[in-house]
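Thanks for making time this morning. Please bring up the model on your screens while I talk.

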Amino acid sequence: METIFSRNKEEHPEPIRAEVQGHLPTWLQGVLLRNGPGMHTIGDTKYNHWFDGLALLHSFTFKNGEVYYRSKYLRSDTYNCNIEANRIVVSEFGTMAYPDPCKNIFAKAFSYLSHTIPEFTDNCLINIMKSGDDYYATSETNFIRKIDPQTLETLEKVDYSKYVAVNLATSHPHYDSAGNILNMGTSIVDKGRTKYLLFKIPSSVPEKEKKKSCFKHMEVVCSIPSRSLLQPSYYHSFGITENYIVFIEQPFKLDIVKLATAYIRGVNWASCLAFHKEDKTWFHFVDRKTKKEVSTKFYTDAMVLYHHINAYEEDGHVVFDIIAYKDNSLYDMFYLKKLNKDFEENNKLTSIPTCKRFVVPLQYDKDAEVGSNLVKLPTSATAVKEKDGSIYCQPEILCEGIELPRVNYDYNGKKYKYVYATEVQWSPVPTKIAKLNVQTKEILHWGEEHCWPSEPIFVPSPGAREEDEGVVLTCVVVSEPNKAPFLLILDAKTFKELGRATVNVEMHLDLHGVFIPQNDLEDETE
């Protein structure tokens, strides 16, 4: 049975004028660009998992008080091959595609053998990344696709692995003050020497090399060896402070041997991921100046996390906030067979997302007694010295039930106050959005019946002096059949509605995105 999750969405490549209610700030000019899965059935074949669907880009353009909507499928090689064959022929993480049964036996055998080191998909459906003046659709493979943020046209394909030895990369990069991209990827090509690589993509190239792309100047900043060579940690994001990279090696692991034999065994790659609840979660801190890892071993109990919120330094400590789970039930919830019409009643997460603050003392008294708490900041988070010199960390709980967190990016890596997030309880679908003050733990909400809001994006007002001076934008899908979806604009400070822009199309549930101010778009067209 088709549901709001599994129905293929139509694309709307020509702009559709939205009906605006309320008052939009006159300074709000630019494009909200978002990404997520939009097509789950091709011919007679269906994807198994919601995260496997073909990438559908959509955008809201703000121009002089008017709002225009458009959407377009990413014309990836994956999309083109599948549409041409009228069936799924490119494997995704939760759906393995097999050769056409009409192919001869030799072609079939070759196809099986060639999958031992998987050729990953370029169906970049998770996020949008800015590189210099360009924008790219991203996922967690080694491929990204350049796109035109105004027309949503798909442009060239970039393969990270041509420049640095990564097979997988996060879709949540960070940007430094000069606009360079910092990202992390896993390198599994190096004969049992599995490692995590932090790499940098410069925002521009030297004048004399203007014809070369920024990717030709990519460099590995540092590498962290995996604690388990054949079972590296899965990770979706990482943290950054002024002086450190924060990487969490969690016991949610990818089995490389299983990955290499998945195709032959007739199972999907997702089945090669397993949560080892008896293991520890290790914290790695890389000094951004020396490019060396802090030698002290910091750890906590087994957990699964996807999203870092923010991190900063204070009095010799690194403070970092994350959203963590006690198990990996979240991924399993999104298999399409579970997202049926009764999914809200029948499917409950076995672990609620918890917003945790860890406080890690990088500078501490080396003669401190075993068993003593080394944290010197006012917090209930602890870091206890063990006999072997390692430090066992326990978090302060900031709140429960939020996901898809965003902050004012001007405060990324710095001490901050506010998180904007979707609110989820035991069901994986957000019913509200929330603004959390991490210092007072006070929460403001917005919610309406039958409304499923997406990740909220904060846009600062021009010349803003306060952290929450601006607006919050979220795309809202309505689960009631006769009501149209809309873009919601909230005052970030009060969390009161300023206005909404309604479009009479079936909008897809998306994942992540960016707001591109008009000035940045003008720079690009110049």
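I will go from the overall fold to the cores and then to one helix.

This is a predicted model, in which local features need pLDDT of at least 70, side-chain atom pairs count only at pLDDT 80 or more, and totals for chains, interfaces and linings use all residues. Residues are numbered from 1 along each chain as its sequence is written, and side-chain values use heavy atoms, with hydrogens and water left out.

The protein chain holds 6 helices and 38 strands, taken as DSSP runs numbered from the N terminus (helices H or I, at least four residues; strands E, at least two). Of its 526 residues, 57% are buried, meaning under 20% relative accessible area with a 1.4 Å probe, protein chains only.

The largest nonpolar core has 112 residues, and F5, F60, F62, F283, F285, F320 and L473 touch the most other members; such a core is a set of buried Ala, Val, Leu, Ile, Met, Phe, Trp, Tyr and Cys residues joined through side-chain atoms within 4.5 Å. Strand 24 (residues 317-325) gives the largest share of this core, 7 residues. Apart from it lies another core, of 16 residues, including I144, V158, V166 and I181.

Turning to helix 3 (residues 256-265), I256, L259, A262 and Y263 are buried. Seen down the axis of helix 3, the buried residues fall within an arc of 95° (from the directions of the helix axis to the C-beta atoms), so they line one face of the helix. Just after helix 3, G266 takes a positive phi of about 75°.

Definitions and conventions:
Buried < 20%, exposed > 50% of the residue type's maximum accessible area, 1.4 Å probe, protein only.
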